[in-house]
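Let's take a friendly walk through some side chains and the partners they meet. Keep the structure open beside you as you read.

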Amino acid sequence: MLLKTQGSSQTIEYQTFQSLHESRKLGILLNEFATTLAIDGYKIDVHEGLNGYLTQRPDRTPEEQALHKLIEVFLRTTPTLDEPLTPEHLDALNAALQSASPSEASDIMLPQIEKSRQGYLNKDYYTPEKTKQTICNILNDSTLNPIIAELQAKYFMVALRPYPSHNATTSLLLRKIYYEKRNLGLLANMAIFTALSAWQHQAYNLDIPSHDHTLHPHNCGEGFDATEFTYCNVLIYANELRRLQRKIAATQASIAAAREQVNASPLLSERQKLIVNKMIENPLYNITIEQAAQHCRVSYSSARTDLLGLVRQDFLVLDSPELANQAQVFRVGPATMALLGPANPKLYGQSTSS
């Protein structure tokens, strides 16, 4: 299957994604995190929340706390490859994601992805503990196609909600762990909840039947016939994998093109190029004079001259410290950000009006 070969952890795309700076990875994952948190009831300003995470700002709202916990756990969790998944593992994942209740309820997307299947499901049978065990049984079955297994487990988690809260984010984390265990790491980073939400709301740009059509009526006489529904989900997975591959390639190309411009500039010294290239890799990178002196192995005065020169050229901006004993912090400036878009003529000493 195409998803298994192109979604493998051995692909160049996966290795490229893994090598990206954390802020670049989050740029690719951010919409999926926002959708998943919205399903769990959190209305997120993701860009403000991401900035707070990367600058290590204390959480100001339950929404920021929920986002920051999800980011931290998603990026840091690694699978235990030889151990089968258990309900206790799921409990630990859910517990790690717990945060304060939303301060403002979102318009919850996909509150029950399989709402049309309620007539076929025995809710009395699927208690929280039975649901968790069913999810583990599905994911531990090595004879099942891993994409179909993860797809089924996702719907059990989000539709039947075995936990009082954070079911969607638990499912997102479980997806990562499962695909990493199955050597399909690239698939863990697809924007699946985002795509499924758009599909349910008739806003997904793919020539497939509507979400509602695939769910009702599909009684084959022995329960719900999920053939068409599953097939459309797999098509969405394949489309999202292609989108992810394009995002990774575009991110890599953007970094490479910006580095090429920096390295060709006659206006920047080698030390200044090193600093700007660091900020191209991580747009929220910041540095002090002391750090620059240590990093470039030069005197404090030389580092200060380098940084102030970058400020004059708009590659850096300088935060004014609130207290006299605080270090001056230099952050990414508008000229550096412009490098990630169209070519910046200022870098080559050309007039911006030419």
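Predicted model: local features only at pLDDT ≥ 70, side-chain atom pairs only at ≥ 80, totals over all residues.

## A buried arginine

Start with Arg175, which is found in helix H9, covering residues 167-181. Is Arg175 buried or exposed? Its relative accessibility is 2%, and buried means under 20%, so Arg175 counts as buried.

Now look at what surrounds this side chain. A polar atom of the Arg175 side chain lies 2.7 Å from the backbone oxygen of Met190. If you leave aside neighbours within four places in sequence, Arg175 is in contact with Glu32, Glu150, Lys154, Leu187, Ala188, Met190, Ile192 and Phe193.

How many aromatic pairs does a search of the whole structure find? It finds 6. One of them joins Tyr126 and Phe156, with 5.3 Å from centre to centre and 55° between the planes, and this pair is tilted. The pair links distant parts of the chain: Tyr126 is in the loop between helix H6 (87-97) and helix H7 (128-140), while Phe156 is in helix H8 (residues 146-160), 30 residues apart. Phe156 counts as buried because its relative accessibility is 17%.

## Charges over rings

The charged end of Lys154 sits over the ring of Phe193, 5.4 Å from the ring's centre. Elsewhere, the charged end of Lys176 sits over the ring of Phe74, 5.0 Å from its centre.

## Salt bridges

Side chains of opposite charge can pair when their charged atoms come close. A search of the whole structure finds 15 salt bridges. In one of them, the side chains of Arg60 and Glu48 meet at 3.0 Å, N to O. Arg60 lies in the loop between helix H4 (46-54) and helix H5 (62-76) and Glu48 lies in helix H4, so the pair ties together parts that are 12 residues apart in sequence. Arg60 counts as exposed because its relative accessibility is 51%, whereas Glu48, at 32%, counts as partly exposed. Both belong to a network of salt bridges that links Glu48, Arg57, Arg60 and Glu64.

Next, find Lys273 and Glu270, whose side chains meet in a salt bridge at 3.4 Å, N to O. They are 3 residues apart in helix H13 (residues 270-281), so about one helical turn separates them. Lys273 is buried, with a relative accessible area of 7%, whereas Glu270 is exposed, with 61%.

The last stop is the salt bridge between Arg331 and Asp319, where the closest N and O atoms are 2.4 Å apart. Which strands does this pair link? Arg331 is in strand S3 (residues 329-332) and Asp319 is in strand S2 (residues 316-319), 12 residues apart. Arg331 is partly exposed, with a relative accessible area of 30%, and Asp319 also counts as partly exposed, at 28%.

Conventions: Residues numbered from 1 in each chain as written. Heavy atoms only, no water. Helix = DSSP H or I, 4+ residues; strand = E, 2+ residues; numbered from the N terminus. Buried < 20%, exposed > 50% of the residue type's maximum accessible area, 1.4 Å probe, protein only. Polar contact = N/O pair within 3.5 Å; in protein donor to acceptor, adjacent residues only side chain to side chain. Contact = heavy atoms within 4.5 Å. Phe/Tyr/Trp six-rings, centres within 6.5 Å; stacked < 30°, edge-to-face > 60°. Lys NZ or Arg CZ within 6 Å of the ring centre and 35° of its normal. Salt bridge = Lys/Arg side-chain N within 4 Å of Asp/Glu carboxyl O.
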